[in-house]
Amino acid sequence: MPLRLLKYALKKEHPAPRFFKSLETPKKSYDVVIIGGGGHGLAAAYYLAKDHGITNVAVLEKGYIGGGNTGRNTAIVRSNYLTPEGVNFYDASVKIYEGLSEELDLNLFYSTRGHFTLAHTESAMRTMRWRAEVNKHVGVDSVVVGPDEIAKACPELDMSCSGQAPILGALFHAPGSIARHDGVAWGYARGADRYGAEIFQNTEVLSIDVKNGKVCGVKTNKGYIETKQVLSAVAGFTPRITEMVDLETPIVIHPLQACVTEPMKPWLNNILVSGSLHVYVSQSSRGELVMGSSLDPYEVHQTRSTLDFVEGLTSHMLDMFPFLSNVKIVRQWGGMADMTPDFAPIMGKTPIEGFYLDAGWGTWGFKATPISGKTMAATIANDSAPDLIHSFRLSRFEDYELTGEKGAASVGH
Amino acid sequence: MSFRIPKQAREWLNRDKKINFTFEGETFTGFEGDTISSALWAAEQKVLGRSFKYHRPRGVLSLANHDINVMLTDGTDTNMRGDIVELKEGMSLNAVNTIGGVKKDKNSYIDSISPLLPVGFYYKAFHTPRRLFPFWENIIRKAAGLGVVNFNYPRILKRKQHAHCDLLVIGAGPTGLTAAYEAAQAGLEVTIIDENRHAGGSLGYNRAGDKASVEYLDDLLNKVVRHPKITLRTDAYAAGYYPDHLIPVVEAGGITKFRAKAVIVASGAFEQPPVFRYNDLPGVMLGSAAQRLIYRYSVKPFNNGIVVTANDYGYRVAIDLLDAGTKVVAVVDLRSGSNGGLHAAELYRRGIKIYPGHCVYEALATSDKSSVRGAVICAYDDKENIALAANKFTLECDGIAMSAGWAPAAALLYQAGTGMQFDYGVQQFVPNRLPEGVFAAGKVNGIYDLDQRMRDGIRAASDALRHLGHSVAPYAIEKHNGPSPSHAYPMVPHAKGKNFVDFDEDIQIKDFENAAKEGFDNIELMKRFTTVGMGPSQGKHSNMNAIRILAKIRSLPVEKIGTTTSRPFFHPTPIGHLGGRGFHPHRLTAIHDWHQAHGAVFTDIGAWKRAAYYPAANHSKEDAIQAEAMAVRKSAGIIDASSFGKIEIYGPDAAEFLERFFTGSYISQKVGSCRYVLLLDESGVVVDDGIASRLATDLFYLSIGTSNAAAVYREMQRSQQEWQLNIALVNVTGAYGAMNIAGPSAREILASLTDLDLSYESFPISHIQEAVVAGVEARVIRVAFVSDMAYELHVPMAQSQHVWNALIEAGKKHGLRPFGSDTQRLLRLEMGHHMPGIDTDGLTNPFEIGAEWAIKMDKPYFIGQRSLSILAKRPLRKQLVPFVLASNFNADMPMECNLVIDGNEIAGRVTSISYSKFIDRCIGFAFVTPAKKAVGSEFQIRTDSGSLVTATVVETPFFKNQIKSQKGA
């Protein structure tokens, strides 16, 4: 047992302090107001303080911290994207993640397990090769592997997928990892709080005050806050916030669902993704299989669960792992994915002075949490977006300079 | 030794059939009808499992499908719940998640080091230094999980059904049975389901010496079972409540998806454990679990028991225990001001000691911790919720029955969207705003008295009837009065802890307090940090107490704390049930069997199985493809193209529809001619292409690629919804078979089967004719996709095999051979045709593939036009070019999606590449920077191995056009 747990046994009083202060009412004004207390918003608050010394910051969360997509994803971290811009960006995120438990002094269970994207068709193999080539080019460890290597890594996998979709190969991405998603939000919250940022839960933004094209404040259910800089980091709620400042984005909201099984003794060591079968699955350190699938095909601003989803997913899980017939699904849930036409995020400045957007994460916001926090903090501090996120600017949709990441979606979203 | 008692009225056992089984290597005997837990308990086996985290010994808790600590494996199956799984002859059972057996689990040491494992301990350690984390993680992963999965477990295919009824009643207890009967009497078709093996709910076990309750149940069940309008399904649970009132009902045989016009939720309530030190010892169980043991399985819960209660229900339990032959040492009532109701008097009469205003301060374990040996009792301050331990005393006992209150089984109501409020009269959440067509009755509705519950059933039935348009008078019932069935705070603090709130996850009161100290002081954060309610029982016995504890910590009323979100499933549901039969629909052409008989290798394209190539014996795939291609170039080949999308656009606005949908011009298209169509999306990205043939002024016949056909048709329908043109769209993909006969001999072969004049002058390229081929009416199209001499024949699907056979026969002397879709890819490449999806990606615009010629910008509108007008003014970012490798190239062959490298930059990628035996060159398409697009430019391709290969831009087609030589032939 690590020695640092000893104090819990020896001290009469629980020796751990609060992660973040319990605050009810915001001050009259802040230098920066961050809307959304998920991983992204909290990370931005943390890096604003750490990298730029900006600590007069309020994070406003309408529910509880980490309660949105931060707590609803399947906690996969990877950088095996399709465009060089995407690969570089997510690789930077992976690098921060690797040291994040130490930096935040919170064990995020960042567990590098290797990530297989299975290809069942020749056209999928082509995409895998494309991704592998781009990844290799920018120095990210992704290779196309054959069925033998997959079978060796995961002998439990039915390589023919019940005869329905024989596996031809895979993109193997060694740095692929899973982490405790809640912990990421909590760790950044604690870090930001210690630097002096203030986190307000149950605090909903009702409107944003813009005068002469400049942000001057936000109205909340807990009063008016003066500020010149506002960051929106609200994922599925982005359209509601951008509407407040009359900003048009091409974001549409689709539900994305996931589910977990009862705990069982860990046997699945890797993260497996099958595009053809619309499955991604890993096994958590509690022993649950954590599984997700494609986006729901319709636009709905809801987090409802559907039976269709779990029926389709489990049917395909059985193609891959027929022996799971009597393993039970405990729980399913949904999140709201903010999708962009090119599947790349929207980050950086907007035509409204002082209004910054961190959105369009769609199905992969969790893995970008550290780097989005860091780059958005830099954007706010310098009122200028760093090169790393230039390709993700909102104006690319007018400029017809899209960053096509559709091919990097883990399943056919 | 046995706890088995004489036959109880309506017991669930078949005493005529003994069942032999083993548990942890020891042999036992039970009866048919026993669950694993009841049979083991009858044999006085108390340690039935180990807890998830601390590996503490655990026995019976609920006997109601939330005894998560009693999970077993029979060697085949795992995580079998002992409290509900029926005993089968010859079962060989072991508890899951132990090392060395349930009695001597080597992991039980974890319990003694529990102070080192504070709430959320895994967030607090193991991560520094970073390099040691994998070591710790490995240990933690080994300790995690419950049962071991059997990798040889067979795939089980379960049926799925749909069902409809007027009224679905969930829960066949007294409330549900009454409601179902009432509604059926008024004429409704009623289905009533219950998760238990037998209907009756609490009437079946909560007797308190009342013989009448047995008669009640018999009477109710008789009426329900015999009613022609009621279907009773037991062993059936509602797994969730989904949007639009979809309720999947899970039974052993499969899932039935119910949609009822009205739903009455009479799901009852879960008994909640009071929290005191060592409330988890084997022998400490819920009062209702003790009653279930007695009346369902005729098993005495213990010999000398204490009842700890905080409501009047515990007094009923005490009477049931006495009637079962158990000695009741004492009834300990947390409440100071209550007289225990009617049943207290009987207990006094029977000489039972009652301690009002007292609590069990802690249960005492036997030396081997396998059971209870006594309980420390002391006074309890019911207002401050503290034990007054100064005057504590010990009572000896071998079991404790707990009755402190209930939590509504309201998961389905929550999922249906019910608004719930906390009712202090019953100390539970009750519905206050129900969705339309959903009704709640009985305990889940905060009604506890038996007569009142049955009247609540009648009330709910009358509400449902009115909802369905029947004119029945409202039936009002009063709210619960009398003492609360649930205690407001049934918790006994203890300095040494081990007072468990959540048995799935071994969470104690102090874990909640410490979580709150660390800032996790709202219910959702607390759930995530402590993991309360996240185990397999989904918090059925722990969520309510967690809410109460948090309310106390924050000095807030319970309703301010709220509840966590209820999500499916109500009980964990097997993947085999949910996955069902696992359909993989695929489409076969009418000629499929012929391809199979001729050794075709098939490939999946969209939903279709297509012949990819026909390998001759001892020939490789590559040889087969080259030979097939060579046949097309030298004599003739034939491909089954039946999977191509085929859509008819019919009506006065047919040409106008195409004008708007595709990039080209169709108004001017002559009847009998064919034109290329290119489909873009609104951002100007290439989606698909195909051929539109004009059969009449108002009829176009569209053929498009296989993989996109369904999506294109859907998009056409969507556009037509918007445009409302005077057309009809018919997808005739399945109605027509198609085949393409190509090569220098194609004309001669076809000519032998038709009177159609195939000469160049009468039937030039890009034209369509209707003709009789081999006796079958056919649409014949001259296309130049794989060869400049090719005819595509579209015939009714049913006749396509006949036409195919005729062509094969006629082609024999010409060396005609079939070719597959892989060969087609090579042939079109030789011809210099790019293919959407292969030579384009999700961002490719028509300018980048040199398709300007297919775009008529000066039309009023087409999909993508606005974007193209902007893109046209911008510099190109990339350009698709045809290329060849050196004529003597024989090194490491580049592959599709290998990158084009310029200096150290990615300049593009190879989209198609193949060796062509006919041309004797490696040819392909690649995206390059516009600077490299000129014919003769050279660029570098990086292969998988990292070597660079030089390619040269050329013109297409890659070989000399044959058509000129054949003109006029």
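Between which helices of chain B does the loop that holds Pro129(B) run? Pro129(B) sits in the loop between helix H3 (121–124) and helix H4 (133–143) of chain B. The structure is a predicted model, in which local features need pLDDT of at least 70, side-chain atom pairs count only at pLDDT 80 or more, and totals for chains, interfaces and linings use all residues. Residues are numbered from 1 along each chain as its sequence is written, and chains are lettered from A and ligands numbered from 1 in the order in which they are written.

**View 1. Cis peptide bonds in chain B.** Thr128(B) and Pro129(B) are joined by a cis peptide bond with omega of about -10°. Helices (H or I, at least four residues) and strands (E, at least two) are DSSP runs, numbered from the N terminus. Phe569(B) is placed in the loop between helix H15 (558–561) and strand S29 (573–574) of chain B. Most residues other than glycine have a negative phi, and most peptide bonds are trans.

**View 2. Positive phi in two loops of chain B.** Lys498(B), a residue other than glycine, has a positive phi near 55°. The loop that holds Lys498(B) lies between helix H11 (450–467) and strand S27 (500–502) of chain B. Lys498(B) is buried, with 21 other C-beta atoms within 10 Å. A residue is buried if 20 or more other C-beta atoms lie within 10 Å of its own, exposed if 12 or fewer, and partly exposed in between, with C-beta atoms placed from the backbone. For Cys897(B), also not a glycine, phi is positive and near 80°. Cys897(B) is in the loop between strand S43 (879–885) and strand S44 (899–902) of chain B, and is buried, with 21 other C-beta atoms within 10 Å.

**View 3. Packing of H8(B) and H9(B).** Helix H8 (residues 313–323) and helix H9 (residues 341–349) of chain B pack at an angle of about 40°, with axes 8 Å apart. Axes are lines fitted to C-alpha atoms, for helices over the stretch in contact, and angles run from 0 to 180 degrees between N-to-C directions. From H8(B), the contact uses Tyr315(B), Arg316(B), Ala318(B) and Ile319(B); from H9(B), Gly341(B), His343(B), Ala344(B), Glu346(B) and Leu347(B). Two residues are in contact if their C-beta atoms, placed from the backbone, lie within 7 Å.

**View 4. Helix H19(B) and its surroundings.** Six of the eight residues of helix H19 (residues 654–661) of chain B are buried, so H19(B) is largely enclosed by the rest of the structure. These are Ala654(B), Ala655(B), Phe657(B), Leu658(B), Arg660(B) and Phe661(B). They pack against strands S33 (645–650), S34 (674–680), S35 (686–696) and S36 (699–704) and against helix H20 (709–723) of chain B.

**View 5. Helix H9(A).** Helix H9 (residues 369–382) of chain A has 14 residues and reaches 20 Å from its first C-alpha to its last, close to the 20 Å expected at 1.5 Å a residue. The expected span is 1.5 Å times one less than the number of residues. Because 11 of the 14 residues of H9(A) are buried, the helix is largely enclosed by the rest of the structure. The buried residues include Ile371(A), Met376(A) and Ile380(A). Asp383(A) follows H9(A) and has a positive phi, near 50°.
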